[in-house]
Amino acid sequence: VDPDALVSLLDRGFVGVQLPATRLVDERGYVHVGPLLDVLEASDRPLFVHPGPATPSRGGVPGWWPAIVDYVQQMHAAWYGFRVFGRPRHPRLRVCFAMLAGLAPLHSERFAARASERSVVDEQCFLEISSYGTRAIDAVVRVLGIDVLVNGSDRPYAEPVVPDLGDAVMHALRNSNPDRLLHSKEV
């Protein structure tokens, strides 16, 4: 973790930083990457959270297992890890979670019941839609709204999905929302 090297990369045109979800699930992870997140926040650049390495292969599981089980669990844990440990430390950091954060936002009612805390939409917390289709995207829109979703794909592993949600949604996913993710609202 070298904040000075990150400053240099950002000065050379790097957009932000990608970190594995496995690093962002607990307080220890946020303490470790905190200096990098401080740089991102201070320079008004986004963080992209992507699945980390899958659990070592278990005998008898099909080849699709890591993408459906391991990665979803990682993203789900990272979504809640950011809420508990990341957001309090980095209140202005824009962050984007791959693969709809493993659909973690769909558990907001259960979270509210267990944590005695109402779930609120974090307008600086984005989700990209890779590999998810119309039903999953629509479900997340019902919880978070359209303004925090951005287009993404799983190329080369899977063909991009074009959700059947209309032109306005596609414009938001492909244009206005990515622009807000990559550039501060003050731009």
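Visitor: Which residues does Phe 14 touch, not counting residues up to four places away in sequence?
Guide: Phe 14 touches Leu 9 and Arg 45. Contact means heavy atoms within 4.5 Å. This is a predicted model, where local features need pLDDT of at least 70 and side-chain atom pairs count only at pLDDT 80 or more, while totals for chains, interfaces and linings use all residues. Residues are numbered from 1 along each chain as its sequence is written, and side-chain values use heavy atoms, with hydrogens and water left out.

Visitor: Where does Phe 14 lie?
Guide: In the loop between α1 (3–11) and β1 (17–20). Helices (H or I, at least four residues) and strands (E, at least two) are DSSP runs, numbered from the N terminus.

Visitor: What about Val 17, where is that?
Guide: Val 17 is in strand β1. It is buried, because its relative accessible area is 15%. Leaving aside neighbours within four places in sequence, Val 17 is in contact with Leu 6, Leu 40, Pro 46, Leu 47 and Phe 48.

Visitor: OK, zooming out. How many helices and strands are in the protein chain?
Guide: Six helices and five strands. From the N terminus on, they run α-β-α-β-α-β-α-β-α-β-α.

Visitor: What is the radius of gyration of the protein chain?
Guide: The protein chain has 16 Å, which agrees with the value near 16 Å for a compact globule of 187 residues. The radius of gyration is taken over C-alpha atoms, and the globule rule is 2.2 Å times the number of residues to the power 0.38. Along the principal axes, the C-alpha atoms fill a box of roughly 45 × 40 × 40 Å.

Visitor: How much of the chain do buried residues make up?
Guide: 37% of the 187 residues.

Visitor: And which residues touch the most other members in the largest nonpolar core?
Guide: Of its 41 residues, Leu 47, Val 49, Trp 79, Phe 97 and Leu 100 touch the most other members. Helix α2 (residues 27–42) supplies the largest share of this core, six residues. A nonpolar core is a set of buried Ala, Val, Leu, Ile, Met, Phe, Trp, Tyr and Cys residues joined through side-chain atoms within 4.5 Å.

Visitor: What does Trp 79 touch, not counting residues up to four places away in sequence?
Guide: Phe 97, Ala 101, Ala 104, Pro 105, Cys 125, Leu 127 and Leu 144.

Visitor: Which peptide bond is cis?
Guide: The one from Arg 155 to Pro 156, with omega near 5°. Pro 156 lies in the loop between β5 (149–150) and α6 (167–182).

Visitor: Back to arginines. Is Arg 94 buried or exposed?
Guide: Arg 94 is buried, because its relative accessible area is 2%. Its place is in the loop between α3 (65–89) and β3. Arg 94 and Leu 40 are 54 residues apart along the chain, and their C-alpha atoms are separated by 8.6 Å. Not counting residues up to four places away in sequence, Arg 94 touches several residues, including Asp 44, Gln 124, Phe 126 and His 183.

Visitor: Last topic, charges. How many positive and negative charges does the protein chain have?
Guide: There are 19 positive and 22 negative charges, and their mean positions are 4 Å apart. Lys and Arg count as positive and Asp and Glu as negative; His and the chain ends are not counted. The place of a charge is taken as NZ of Lys, CZ of Arg, CG of Asp or CD of Glu.

Technical notes
Buried < 20%, exposed > 50% of the residue type's maximum accessible area, 1.4 Å probe, protein only.
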